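Hi everyone, thanks for coming. Let's walk through this one together, starting with its charged pairs.

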Amino acid sequence: MAAQELEMNFVGGWMLDQHYLGWDPKRQGDMPDIADPGHGVINFGSQSAEDFMAHVGLSKAMIINWNRDDPWNKSHWHTQHPSLNQFEPPYVYHVHARDWDSFLKTVAIASATEIPKFIPQHMTELAVQERLIKLMETDWRALAASLLEERLQDVANGKQAYYGVKFRKWALSRSHGTVVIHYPFLAVLT
């Protein structure tokens with residue numbers, strides 16, 4: 001295993017959803033966990049923000065998900081920090097899927113290479129200030145009213161109106177002249 005060859009652990013914090021993508025544990029059995037502490041694959045499970053940051057601070061590399069049919073197309077990469085996909089070594093290292101030798105070599109190089117001080121342009125103090133100004137000066141009430149009006153028009157036209165947010169849906173329905181917004185809370189507008 002890579003953990004033994006590289007003399008380091010592969011760690012993460014994940015929880016198994018036994019019904020993920022339609023998995024049926026009654027029919028298919030429990031979904032196996034990839035954790036194997038004896039071979040250096042460690043699952044810390046759900047963590048506090050402080051514990052997570054402590055583990056990230058000790059990490060040597062972060063592994064991503066990609067399109068296996070087009071592994072070098074960064075637009076298909078799913079990373080925790082997608083804005084870093086554009087960078088190359090020593091900040092970000094890339095390895096083709098299923099290229100074991102390159103994987104071992106890259107992890108060894110990444111773990112032994114010091115990263116020089118660097119602040120990406122979009123993370124400079126000026127860039128953050130500009131985003132904060134935009135956030136604070138945007139008329140969010142007007143944007144929300146416009147979106148609500150669009151959704152009400154969809155409902156009036158017999159359509160279902162949804163606004164997707166990471167595996168959850170906002171749904172609007174009209175009942176007796178009242179608009180009900182269903183999400184983790186219930187808001188009634190008359």
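Let's begin with Glu-88: at 40% relative accessibility, Glu-88 counts as partly exposed, where buried means under 20% relative accessible area, exposed over 50%, and partly exposed in between, using a 1.4 Å probe and protein chains only. A quick word on the source: this is a predicted model, in which local features need pLDDT of at least 70, side-chain atom pairs count only at pLDDT 80 or more, and totals for chains, interfaces and linings use all residues. Residues are numbered from 1 along each chain as its sequence is written, and side-chain values use heavy atoms, with hydrogens and water left out.

So who is the partner of Glu-88 in a salt bridge? Lys-74, with 2.9 Å from N to O; a salt bridge here is a side-chain nitrogen of Lys or Arg within 4 Å of a carboxyl oxygen of Asp or Glu. Both residues sit in the loop between α3 and α4, 14 residues apart. Lys-74 is partly exposed too, at 26%.

The structure holds three salt bridges. Another joins Glu-150 and Arg-151 at 3.9 Å; Glu-150 is partly exposed at 44%, whereas Arg-151 is buried at 17%.

Now look at helix α4, residues 100–112; helices are DSSP runs of H or I, at least four residues, numbered from the N terminus. Which residues of α4 are buried? They are Leu-104, Thr-106, Val-107 and Ala-110. They lie on the same side of α4 because they cover an arc of only 165 degrees around the axis, taken from the directions from the helix axis to the C-beta atoms. The face turned away from that buried side carries exposed Asp-101, Lys-105 and Ala-112.

Definitions and conventions. Helix = DSSP H or I, 4+ residues; strand = E, 2+ residues; numbered from the N terminus. Expected span 1.5 Å × (residues − 1).
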